[in-house]
Amino acid sequence: MNRGAAAALALLAALAPVPMTAMANPPFPLPDGARAEPATPAGIAGWRQDDQGEAFAVFARGCMAEPPLRQAVPLPKGLAAACEKAKALAAAGPVKAGPARDFFERNFSFWRIRPAGAETGFTTGYFEPEFQGSLTRSDAFPTPLYARPKDLVTRLPEDDWPGLDKALSAARRTGKGLEPFPDRAAIEDGALDGQGLEILWLRDPVDRFVLQVQGSGRVRLPDGRVTRLVYSGRNGLPYTSLGRVLSQRENIPPEQMTMDRLVARLKADPVFARDLIRLNRSFVFFARRDDLPAEAGPIGGAGLPLTPLRSIAIDRNVWPYGLPVWIDATLPDGAGRAAPLARLTIAQDTGSAILGPARMDLFVGSGAAAGHRAGLIRHPVSFTVLWPR
């Protein structure tokens, strides 16, 4: 073969499409058994119908985040570079759907995530609840919310705690070293008394339980003012789903075990509620944020206000905050109907029960209506990660 022919063949080979199998190795690690399949925007149903301008605004605001409330895996360098580009675009004014769509297509590759042993991911919903409360203890408001204890140490991914259970995500610092923090029952029995950690008082332990599950909330005080609560840490013990426990105990089909039903059962029997709630040994601490505007969403694990139906919680041990994720699911609309929801979301939060590469929690909004809808969501979801190029 002469040199010219060889050069021509080399050029043709360079221009030939790359086989899909050659592109199948994702640029990120995944837990054993999970799969990442390359995708294209053209192959994603609903991609061109979504208003990516809304998602872009959330993404660009996330680029200006303060240190997160809960550490996640580090941001890849490409995500930081995409953030800088997004900030530059946003500085000129709102970015519409078309240019926003082009931004994501140019700066990200698309990967459909399939968890081990399944073809789709799974989503629940969460919301920002509002309860009545007081800044002082009384017969009407006897249940305390606590600030973060000074001796609580949150475990970082790189921390090695010899002698402690690897499942602990936090511990107590003592003169002898780290030890497990008191569980819920011990705290309710007075393990934190005398430290001045009480920041608010609620009507009952059920309201506190709901606040702790959601990770944030609003509390309306007797004078009409509203104070906001943000997550400030937890005792590090594993989370137990009370809905799952009650479903098994009382033979309730899982799809019928909504948050509304669980709360109604707990409110109806305080003794039963006390015993059931104590099965969840995990206990969450809060901080007050009276500076947050009333119209702003709650603060998520990334340290940023959440946006209804655009912010999601992810497993922080798998994905970084700020990552765009395309979701596609058929979900309850809150009025007893099921409706498709296909849109670009941004990973801005996490949760103790959100474990796995395609497990997510969709932030629905604030208030009772959002809570009703969030409690109905337990559905399969198509989970496609946009990974920075």
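This report describes the fold, the salt bridges and several individual residues of a predicted model.

## Overall architecture

The secondary structure of the chain consists of ten helices and 17 strands. For a chain of 389 residues, a compact globule would have a radius of gyration near 21 Å, and the value of 23 Å found here agrees with that expectation. The C-alpha trace extends over about 95 × 50 × 50 Å along its principal axes.

Of the 389 residues, 49% are buried. Among contacts with a separation of 6 or more, 78% are made by residues 24 or more positions apart. The accessible surface of the chain amounts to about 18700 Å², and carbon and sulfur atoms contribute 55% of this area.

## Charges and salt bridges

The chain carries 47 positive and 40 negative charges, whose mean positions are 3 Å apart. Side chains of opposite charge can pair when their charged atoms come close. In this model the count of salt bridges is 23. The table lists three of these pairs.

| Salt bridge | N to O distance | Relative accessible area, basic residue | Relative accessible area, acidic residue |
| Arginine 278 – glutamate 188 | 2.8 Å | Arginine 278: 17% | Glutamate 188: 27% |
| Arginine 265 – glutamate 250 | 3.0 Å | Arginine 265: 27% | Glutamate 250: 32% |
| Arginine 337 – aspartate 333 | 3.1 Å | Arginine 337: 53% | Aspartate 333: 25% |

The salt bridge between arginine 278 and glutamate 188 has its closest N and O atoms 2.8 Å apart. This pair links distant parts of the chain, 90 residues apart: arginine 278 belongs to the loop between α9 (270–277) and β12 (284–288), whereas glutamate 188 belongs to helix α5 (residues 184–188). Because its relative accessibility of 17% is under the 20% limit, arginine 278 counts as buried. Glutamate 188, at 27%, is partly exposed.

Glutamate 250 and arginine 265 form a salt bridge with an N to O distance of 3.0 Å. Glutamate 250 sits in the loop between α7 (242–249) and α8 (259–268) and arginine 265 in helix α8, so this pair ties together parts that are 15 residues apart in sequence. Glutamate 250 is partly exposed, and arginine 265 is likewise partly exposed.

In the pair of arginine 337 and aspartate 333, the side chains meet at 3.1 Å, N to O. Arginine 337 is exposed, with a relative accessible area of 53%, while aspartate 333 is partly exposed at 25%. Elsewhere, a network of salt bridges links Arg35, Glu37, Arg114 and Glu119.

## Surroundings of selected residues

Which strand holds arginine 218? The residue is found in strand β10 (residues 216–220), and its relative accessible area of 12% places it among the buried residues. Leaving aside residues up to four places away in sequence, arginine 218 touches Glu128, Pro129, Glu130, Phe131, Val226, Thr227, Arg228, Ala294, Ala296 and Ser366. The C-alpha atom of arginine 218 is separated by 29 Å from that of alanine 339, which lies 121 residues away along the chain.

Leucine 135 is placed in the loop between β4 (130–134) and β5 (143–146). With 36% relative accessibility, leucine 135 counts as partly exposed. Its contacts, again not counting residues up to four places away in sequence, are with Ile199, Leu200, Trp201, Leu221, Arg225 and Arg288. Leucine 135 and proline 76 are 59 residues apart in sequence, and their C-alpha atoms are 42 Å apart in space.

Threonine 258 lies in the loop between α7 and α8. Threonine 258 is buried, with a relative accessible area of 15%, and touches Gly375 and Leu376 when residues up to four places away in sequence are not counted.

Asparagine 251 also lies in the loop between α7 and α8. Is asparagine 251 buried or exposed? At 69% relative accessibility, asparagine 251 counts as exposed. Most residues other than glycine have a negative phi. The phi of asparagine 251, however, is positive, near 55°.

Leucine 309 likewise has a positive phi, near 65°. Leucine 309 is located in the loop between β12 and β13 (311–313) and is buried, with a relative accessible area of 17%.

Notes: Residues numbered from 1 in each chain as written. Predicted model: local features only at pLDDT ≥ 70, side-chain atom pairs only at ≥ 80, totals over all residues. Heavy atoms only, no water. Helix = DSSP H or I, 4+ residues; strand = E, 2+ residues; numbered from the N terminus. Rg over C-alpha atoms; globule rule 2.2 N^0.38 Å. Buried < 20%, exposed > 50% of the residue type's maximum accessible area, 1.4 Å probe, protein only. Contact = heavy atoms within 4.5 Å. Areas by Shrake-Rupley, 256 points an atom, 1.4 Å probe, with all protein chains shown as cover. Lys, Arg positive; Asp, Glu negative; His and termini not counted. Charge placed at Lys NZ, Arg CZ, Asp CG, Glu CD. Salt bridge = Lys/Arg side-chain N within 4 Å of Asp/Glu carboxyl O.
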